[in-house]
Amino acid sequence: MTAAPILPPPSPLAAPLAARRLHVITWGCQMNVYDSGRMADALVPAGFTEAAATPETADLVILNTCHIRDRAAEKVFSELGRLRLLKEDRARAGGRMILAVAGCVAQAEGEALIARAPFVDIVLGPQTYHRLPALLARAEAAPGEPVLDTEFPPEDKFDHLPQPTPGAIPGAAPRITAFLAIQEGCDKFCAFCVVPYTRGAEQSRPAAAVLDEATRLVAAGAREITLLGQNVNAWHGAGPDGATWTLARLLAALAEIPGLARLRYTTSHPRDMGDDLIAAHRDLPALMPFLHLPVQSGSDRVLAAMNRRHTAADYIALIARLRAARPDLALSSDFIVGHPGETEADFQATMALVRALGFAQAYSFKYSARPGTPAAAAPDQVAEADKDRRLAELQALIRAQQARFNAACVGQTVPVLVTGPGRHPGQLAGRSPWLQPVHFFGPPALIGAEIPVTIAAALPNSLSAVRQERTAA
Ligand code: SAH
Ligand code: SF4
Ligand code: F3S
């Protein structure tokens with residue numbers, strides 16, 4: 001792991017050649033989606049000005065990986081097996097395909113990844129993406145010698161990454177709705193979770209940098225911005241006025257940007273839900289009435305074992321305050337079933353919490369032991385069959401709640417942000433304030449507008465709607 005220069009030297013191959021082609025495969029959270037876009041931006045000066053639709057035609061393939069559960073990490077190795085064959089084909093034809101592994105598996109596995117897949121050219125962790133052009137130049141200069149950079153460098157990568165270009169790579173940054181990372185890393189150390197190890201300590205970007213990036217995204221056509229962080233509501237950044245701002249203060253400043261219609265933030269921790277952030281849900285019309293606030297379990301015993309440092313009653317009280325501030329707030333959460341020590345009674349406490357609160361949607365996972373985390377070493381692991389049964393029971397409840405929430409929208413006229421063409425000719429796609437995908441017929445000129453539509457039918461994962469003829473863009 002040698003120190004790479006911060007500013008990339010010009011790649012010896014880049015300048016005179018035709019456009020090079022990049023293919024990025026992204027797994028994991030929205031932060032990875034955002035990061036994939038930023039890596040693509042960073043590679044433009046190295047000649048990567050075209051996106052390859054498939055790895056077969058790419059000069060550089062980046063796997064942006066996720067380590068959160070065992071299955072997520074294993075996918076990387078099966079994809080690498082497939083790419084190895086492509087790389088060998090390319091070499092036989094006299095060409096070269098560079099293969100890079102980025103993201104949380106790269107950070108967690110490092111040298112071990114190279115040992116298992118020595119044909120990989122570059123392994124880089126999430127904090128070194130600004131060094132990608134330099135790492136690429138090194139890999140190109142020395143074929144067969146994998147380059148590794150999983151440092152947590154002292155410099156801030158955001159100071160060295162070029163400004164984002166919405167839509168730089170397919171799937172990374174749709175134009176109308178954009179992600180903006182404002183906070184990274186986590187200091188919470190939940191017993192089950194790898195994120196504090198793969199992303200490092202909590203860091204907040206300065207408010208001015210966030211406002212500047214948001215202004216650029218809006219100038220490029222974004223109407224909705226989702227602020228991202230592993231613990232986004234722990235954000236506390238230097239404000240342009242010299243004071244330390246909270247997320248609520250930042251949201252208020254972002255809401256002033258002309259042309260920016262909608263704001264969201266994800267993912268939050270219940271302990272960082274400050275009074276002013278709750279008040280922001282009441283006071284900022286641009287802040288959408290949808291909150292993803294993971295609770296993980298409804299059992300105090302399990303919450304304590306998870307090191308979440310709040311009780312089920314704390315969470316329920318918090319939701320009551322949020323709903324008092326914003327009565328139409330829809331809720332989303334993450335749940336883990338089968339955490340070490342979880343009994344049937346603990347699981348039923350989770351079911352009771354879900355029934356008591358009602359979720360518009362939620363993600364639920366079977367506990368997956370992650371190397372190096374405290375929960376992985378706990379003696380009271382839950383049998384796989386119990387995890388399966390609990391997951392099925394919880395998911396059936398969540399599906400029913402989601403269906404009920406969607407069905408309750410039928411007949412309502414709601415503002416929809418039109419994000420692009422729909423699947424069928426003449427159709428448009430958009431999203432409701434509560435993050436539901438909405439489909440309706442209308443002209444492409446409406447893309448980017450926020451318009452009222454009347455919900456006609458609820459499908460399992462989306463709504464179909466009819467446009468109101470008098471529209472206000
Ligand atoms: N920072 C966010 C979540 C990040 S990970 C938060 O604090 O809520 C996204 C979700 O993956 C978590 O909320 C959790 O539900 C799930 N998860 C994390 N580690 C897991 C593990 N070891 N097994 C199963 N699910 C896990
Ligand atoms: Fe993981 Fe917990 Fe941090 Fe979320 S708060 S990223 S679950 S350690
Ligand atoms: Fe996965 Fe890393 Fe995100 S482990 S969920 S890609 S922070």
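Predicted model: local features only at pLDDT ≥ 70, side-chain atom pairs only at ≥ 80, totals over all residues.
## Two helices in contact

Asp275, Ile278, His281 and Arg282 in helix H10 meet Leu318, Arg321, Leu322 and Ala325 in helix H12. Contact here means heavy atoms within 4.5 Å. Helices (H or I, at least four residues) and strands (E, at least two) are DSSP runs, numbered from the N terminus. The residues of this H10 and H12 contact divide into four nonpolar, one polar and three charged. Ala, Val, Leu, Ile, Met, Phe, Trp, Tyr, Cys and Pro count as nonpolar; Asp, Glu, Lys and Arg count as charged; the others, Gly among them, count as polar.

Two packed helices are described by the angle and the distance between their axes. H10 covers residues 275-283 and H12 covers residues 312-325; their axes come within 7 Å and cross at roughly 35°. Axes are lines fitted to C-alpha atoms, for helices over the stretch in contact, and angles run from 0 to 180 degrees between N-to-C directions.

Residues are numbered from 1 along each chain as its sequence is written, chains are lettered from A and ligands numbered from 1 in the order in which they are written, and side-chain values use heavy atoms, with hydrogens and water left out.

pLDDT is the predictor's confidence in each residue, from 0 to 100. The protein has a mean pLDDT of 93, and 93% of its residues reach 70 or more. Residues 12-16 fall below 50; beyond near neighbours in sequence, this stretch has five contacts in the model. Residues 169-173 are also below 50, and that stretch has 11 contacts in the model beyond near neighbours in sequence.

Strand E17 spans residues 413-421 and pairs with E18 in the antiparallel sense over four bridges. Two strands pair if DSSP finds at least two bridges between them. Leu417 stands opposite Arg431 in E18. The hairpin of E17 and E18 has five residues between the strands, and Gly426 there takes a positive phi near 85°.

E18 also joins strand E19 (residues 437-441), antiparallel, through five bridges. Arg431 stands opposite Pro437 in E19. This second hairpin has five residues between its strands too, and Leu435 takes a positive phi near 70°. Four of the five residues of E18 (residues 427-431) are buried, so this strand is largely enclosed by the rest of the structure. Buried means under 20% relative accessible area, exposed over 50%, and partly exposed in between (1.4 Å probe, protein chains only).

E17 has another partner, strand E20 (residues 450-458), with five antiparallel bridges. Val416 stands opposite Ile451 in E20.

## A parallel sheet and a helix

Three strands form an open sheet in the order E14-E15-E16, with parallel pairing. Its edge strands are E14 (290-292) and E16 (361-366), each pairing on one side only. Neighbouring strands are turned by 10° against each other on average, direction ignored.

Strand E15 (residues 330-337) runs parallel to E16, and six bridges join them. Val337 has Lys366 in E16 as its bridge partner. Helix H14 (residues 384-409) packs on the sheet and touches E15 and E16; its direction makes about 175° with that of E16.

## Around ligand 2

Residues count as near a molecule if one of their heavy atoms lies within 4 Å of it. Around ligand 2 are Cys186, Lys188, Phe189, Cys190, Phe192, Cys193, Val195, Pro196, Asn231, His269 and Arg308. By class, this shell has seven nonpolar, two polar and two charged residues.

Phe189 sits in the loop between strand E8 (183-184) and helix H7 (195-198). Its phi is near 50°, a positive value in a residue other than glycine. Phe189 counts as partly exposed, at 37% relative accessibility.

## Other local features

Asn307 lies in the loop between helix H11 (300-305) and H12. Its phi is positive, near 65°, in a residue other than glycine. At 30% relative accessibility, Asn307 counts as partly exposed.

The peptide bond from Thr266 to Thr267 is cis, with omega near 0°. Thr267 is in the loop between strand E13 (262-266) and H10.

His23 lies in strand E1 (residues 20-26). His23 counts as buried, at 12% relative accessibility. Neighbours within four places in sequence aside, His23 contacts Ala52, Ala53, Thr54, Pro55, Ala58, Leu60, Val61 and Ile62.
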